[in-house]
Each structure stands twice: as structure tokens, then as C-alpha cells.
Amino acid sequence: MTTATLVTSLFVFVLAAFVGFEVINKVPPTLHTPLMSGANAISGIAVLGAILVSGTGNLTLSAILGLIAVILATINVVGGFLVTDRMLQMFKKKEA
Amino acid sequence: MNWSEFLPTGIQLSYLVAASLFILGLKQLGSPSTARRGNQLAAVGMLLAVVATLLDRSVLSYGTIFLGMAIGAMIGAVAAYQVEMTAMPQMVGIFNGLGGGASALIAIAEFWRVLSTGEPLSLTSLIVIVLGILIGGVTLTGSFIAFGKLQGILPGSPIVFPLQQPLNVLLLGGFLVGSVYFMTDPNTLSVFFGLIAIALILGVFFVIPIGGGDMPVVISLLNSYSGLAAAAAGFVVNNNMLIIAGALVGASGIILTNIMCKGMNRSLTNVLFAGFGSDGGSSATAGSSGSAKANQTVRSVDPEEGAMMLKYARSVVIVPGYGMAVAQAQHSVKELVDQLESAGVEVRYAIHPVAGRMPGHMNVLLAEANVPYPQLYDMEDINPQFDKTDVALVIGANDVVNPAARHDNSSPIYGMPILEVDKAKSTIVIKRGMGTGFSGVQNELFFEDKTMMLFGSAKDMVGQLVAEVKQLA
């Protein structure tokens with residue numbers, strides 16, 4: 001990684017953080033838990049990085065570490081989205 | 001443009017779409033009517049990002065990746081469907097840890113890969129690798145300690161030992177020195193392993209001095225860290241998708257952390273480093289105020305009398321706390337409310353922002369019991385209503401209803417915004433005994449003339465109230 005790419009990445013990071021603050025700022029307390037677990041599922045995006053480092057083709061140590069990372073991050077993604085959905089299913093207005 | 005030129009562009013464009021879906025999804029998660037669709041949008045974004053990444057030309061072997069994803073998806077799905085709603089704080093805690101662990105592993109694996117190919121490592125690469133290991137490692141072990149505390153494997157009270165802070169400073173200093181050394185000579189593997197070890201130990205030390213009642217802050221902070229860890233991993237493998245998603249999650253975690261700190265009127269540093277509610281300084285003041293109250297009398301009622309008060313009230317406000325979660329009493333509470341409502345009583349729920357062990361904990365439990373969310377009131381909305389309320393029913397909450405927070409400036413919880421149940425015409429408190437809350441402070445609410453104590457587990461007592469209310473019909 002060169003310094004130039006680092007700076008570009010920093011731009012992306014900081015701007016995305018501002019977007020995050022703006023988008024999430026006004027969430028009613030009722031939704032705090034689903035927001036947290038939904039965001040948590042999104043942080044499982046690390047699975048992409050894990051795929052990239054584990055898919056090099058050779059069974060090297062780094063590929064094995066990457067594979068473990070794939071498993072951990074996939075648990076995070078799948079579990080996170082499903083449990084959030086399960087929770088949100090329960091948030092209903094009273095019928096009738 | 002042929003295929004091999006188009007593919008990298010296509011992958012990047014898919015990332016752009018996926019990032020937009022994440023942002024839209026998070027936005028929709030902010031409103032009850034769209035929240036479910038928001039979560040689904042984000043999931044679609046994730047699927048798109050994963051598929052796009054699989055097409056990356058550096059990905060050569062699919063077998064092991066698919067195997068890993070299948071294993072992970074299975075474990076994740078089973079966990080998501082099996083978990084009890086009362087166990088959600090632990091669940092979110094452990095998921096945070098897994099995300100952080102994955103990010104740390106990516107940093108380690110990437111370092112290893114570059115080292116073994118003999119390519120030179122630039123200073124910037126080394127910096128982001130060290131950062132990835134630090135944030136990811138702290139998130140991993142910190143979350144596991146938080147899980148242990150919430151699950152009851154570790155004691156929920158703060159664990160403090162002498163020289164804790166100096167030791168933390170020493171470890172952090174050691175990490176800095178080690179990082180500098182590592183950047184000048186990345187081939188010294190012992191230093192590299194030392195850095196990993198320090199990051200893992202720091203995570204443990206970061207969470208063990210924090211007590212159970214402060215867990216909403218810790219869980220949201222760790223949630224933020226898991227995002228930052230993913231962003232750091234994005235810097236390591238130079239992938240914008242990871243950086244954007246990580247930054248979004250980092251921001252949302254910080255917002256929630258901030259809301260939780262405000263709910264307790266304490267600063268983040270105070271939550272993280274004060275060892276609040278431990279046997280240290282706070283119990284000394286608690287002891288003195290406790291003994292001053294010791295000779296006061298407590299009025300207790302039986303379920304029959306309690307049921308009578310509730311049934312013949314015009315308006316009742318229910319204040320649930322961690323005790324309701326522990327006893328899994330949410331369904332009984334809903335049943336009681338149904339009984340009261342059919343008798344013509346107006347019933348509302350008052351939710352304190354830090355009630356329970358994670359942000360929004362009570363809301364989830366009550367939603368599970370089919371309580372419609374418009375019946376739940378935030379602190380600011382319900383507090384002006386208490387003086388028009390006949391009965392406030394406190395179920396397993398303590399510090400968040402202690403009037404000392406308003407006027408006793410020697411109390412450790414002084415200044416914390418509370419639910420003003422003492423302004424109701426009468427108050428019934430369901431509690432197992434006279435033990436203090438998380439802060440270690442005796443609650444002066446219990447000694448007031450219009451407060452009745454109903455001693456017992458939340459589930460038993462609410463169940464008996466339901467039976468008595470039915471008999472009165």
C-alpha cells in the first residue's frame with residue numbers, strides 16, 4: 001500500500017463515517033437493539049477481506065487463517081441479519 | 001472493453017451499489033414501519049458484495065471458501081433461531097467478537113502472505129496491519145469477556161485489582177514501542193506475536209473492570225469497534241467496501257454509546273475506568289446513606305392487595321427493568337396488562353434508556369410478548385405523566401427509579417435522569433429483596449409512605465397478580 005492509496009482510503013473512511021452519523025442520528029429507542037444487531041451484521045463485511053486472503057489457491061498458513069476468518073465473519077453476517085429480522089418481525093402495531 | 005477489463009470495474013460498481021444498499025438499509029432501520037425492509041436491503045447488499053468478491057481474479061480456490069461459508073452460515077442461522085430474546089445482549093456481544101476476530105485474522109493473514117512471498121512491506125502497510133490487529137484483537141477478547149459477564153459465566157460485578165490502570169498504560173506503551181520496532185524490522189516474528197498477545201490482553205483488561213449495569217455502553221462501544229476493525233481490515237487489503245461498511249457501523253456504534261452515556265449522565269471515561277458499583281469508593285457513600293435509612297420502615301403488600309390497587313386504578317404505568325428480563329416475566333406482564341385493560345384501566349409502559357443490559361433491551365422483550373410499541377413511552381414523554389398516574393408498577397428496576405438521583409448530591413447516581421415514579425399517587429415495587437441495585441446505593445423510593453413492596457421473583461409475583469386480578473372480576 002502506498003501513501004497515496006492510504007490517503008484516498010482515509011477520505012472514503014471519513015466521509016462514510018459522516019454519512020453514518022447523519023443517517024442513524026435519529027433512531028427511536030424502540031429500535032436501538034435491532035439497529036445495533038443490524039449494524040453488527042454489516043460489520044461482518046470483513047468476510048470480503050477473508051475471502052480475498054483465503055482464496056489464493058495454495059493451502060498456506062495465511063489461507064488457513066483466512067478460512068477461519070471466513071467462518072467467523074459468515075456467522076456474524078448470517079446470524080446477525082437473521083436475528084435482526086426475527087426481532088423486527090415482533091415489532092408490530094396492535095392489530096384491530 | 002473485454003471481459004478481463006470489465007470484471008474489476010464491475011466488481012467496484014457492485015460494491016458501490018452494495019454500499020448504497022447499506023446506507024438505505026440503515027436509514028430504514030431508523031423507523032419502525034420500514035425497519036424490517038431496511039434490514040433486508042442491507043442483507044441484499046451483503047449478498048451482492050460477497051458474490052462480487054468471489055469473482056475477484058485473485059480468488060482462485062472456491063472449495064474451501066464455500067465450505068467455510070457453509071459452516072459459518074449454518075452456525076449463524078441456528079444461533080439466530082435458537083437464541084432466547086432475553087439472551088440478546090450476549091448474542092450481540094459474541095457476534096461483535098467474531099467480527100473483530102475475523103478482522104484481526106485478515107490483518108495477520110495478509111502480513112503472513114506478503115512476508116512469505118518476500119515482497120517488501122511498505123510502512124503504510126505495516127501501520128494498517130498493526131492497527132487491524134489492535135482493534136480486532138481488543139474487540140475479540142473484550143466481547144468474549146462481555147459475553148461471559150452477561151451469560152453469568154463471569155461475575156457481573158466489576159473486577160478490579162491494584163495497579164490496574166498503570167498496568168494498562170504499560171501494556172499500551174509496550175504495544176506502541178513494539179509497533180515502532182516491528183515497522184523498522186517486520187521480520188522479527190517474536191515482536192509480531194507479542195503485539196497480537198498484547199492486543200488480546202488489552203481487550204480483557206478493558207472489559208473486566210466494567211460492571212453489569214454499564215453493559216449497554218460496553219456493548220454499543222464494542223459494536224462500534226467491530227465496525228472500526230472491519231474498516232481497518234479494509235485498509236489492510238485495500239478494499240473500499242470494507243472501509244465504507246466499517247465506517248457506517250463505527251458511526252452507529254458511537255451514536256448509541258453516546259445515547260447510553262447520556263441516559264446515565266456519565267461520561268464515557270467514567271463508565272470505562274471508574275469501576276462503578278464495585279467495592280471501591282462508591283460503596284462507602286452507599287454504606288452511609290444506607291445506614292441512615294436503615295431504621296426507616298418499608299411497607300410490603302401481598303399480591304391480593306396489589307391486584308386490588310391495580311384493578312381499581314384509572315391509570316397504571318409499568319416500569320420494567322433488568323429483573324423482568326432475568327425472570328423472563330415479559331409474557332406474564334403482558335397478560336397482567338391485558339387483564340387490566342379489559343377492566344378499563346389505562347396502561348402504559350415507561351422505558352428508561354439504560355434499562356437492561358443493552359440499548360433497547362426492554363423494547364425487544366416487550367415486543368416478543370406482543371406489546372404494541374405505541375404503548376411504550378420514553379422517559380421524556382412519560383415523566384410529566386406520573387403525577388396524573390394512580391399506580392406505578394416497578395418490575396425489577398432499581399437505580400433508574402431512585403429519587404436520590406434528583407436531590408442527593410452525595411449519591412453516586414446523582415444527576416442521572418430517572419423515571420419519576422415517586423410522583424405517582426402510589427407505587428408498587430416488585431423485587432426479590434431489599435438488596436441494592438447495580439450502583440450499590442440503597443433506593444430511598446422503597447422507604448416512602450406511598451411505596452408498597454411486593455417481595456418475590458418478577459415472574460411469580462406478576463403471575464400471582466394476574467390470578468388475583470382475575471378473581472376480582
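In the predicted model, B:Lys470 and B:Glu335 form a salt bridge in which the closest N and O atoms are 3.6 Å apart. A salt bridge is defined here as a side-chain nitrogen of Lys or Arg within 4 Å of a carboxyl oxygen of Asp or Glu. B:Lys470 belongs to helix α18 (residues 458-472) of chain B and B:Glu335 to helix α14 (residues 330-342) of chain B, so the pair ties together parts that are 135 residues apart in sequence. Helices (H or I, at least four residues) and strands (E, at least two) are DSSP runs, numbered from the N terminus. Over all chains, the structure holds ten salt bridges. Side chains of opposite charge can pair when their charged atoms come close.

Residues are numbered from 1 along each chain as its sequence is written, and chains are lettered from A and ligands numbered from 1 in the order in which they are written. Because the model is predicted, local features need pLDDT of at least 70 and side-chain atom pairs count only at pLDDT 80 or more, while totals for chains, interfaces and linings use all residues; side-chain values use heavy atoms, with hydrogens and water left out.

Chain A has four helices and zero strands, and its elements run α-α-α-α from the N terminus on. The C-alpha trace of chain A spans about 60 × 30 × 15 Å along its principal axes. The radius of gyration of chain A is 18 Å, whereas a compact globule of 96 residues would have one near 12 Å. This radius is taken over C-alpha atoms, and the globule rule is 2.2 Å times the number of residues to the power 0.38.

The contact between the two chains (heavy atoms within 4.5 Å) takes 81 residues from chain A and 102 residues from chain B. About 8,000 Å² is buried between chain A and chain B, with carbon and sulfur atoms giving 77% of it. Buried area is the accessible area (1.4 Å probe) that two parts lose on being put together, summed over both. In chain A, the residues that lose the most area to chain B are A:Met1, A:Met36 and A:Arg86, together 9% of what that side buries.

One salt bridge is found across the interface of chain A and chain B. The side chains of A:Asp85 and B:Arg36 meet in a salt bridge at 2.9 Å, N to O. On the side of chain A that touches chain B, two or more residues each come from α1 (3-24), α2 (32-43), α3 (46-54) and α4 (61-90) of chain A. The largest share, 28 residues, is from α4(A).

In chain B, the domain assignment gives domain 1 (1-82), domain 2 (86-279) and domain 3 (303-471); the bounds come from an automatic or database domain assignment. The centres of domain 2 of chain B and domain 3 of chain B, taken over C-alpha atoms, are separated by 36 Å. Their contact takes 20 residues from domain 2 of chain B and 20 residues from domain 3 of chain B. These two domains bury about 1,700 Å² between them, 73% of it on carbon and sulfur atoms. Zero salt bridges are found across this interface.
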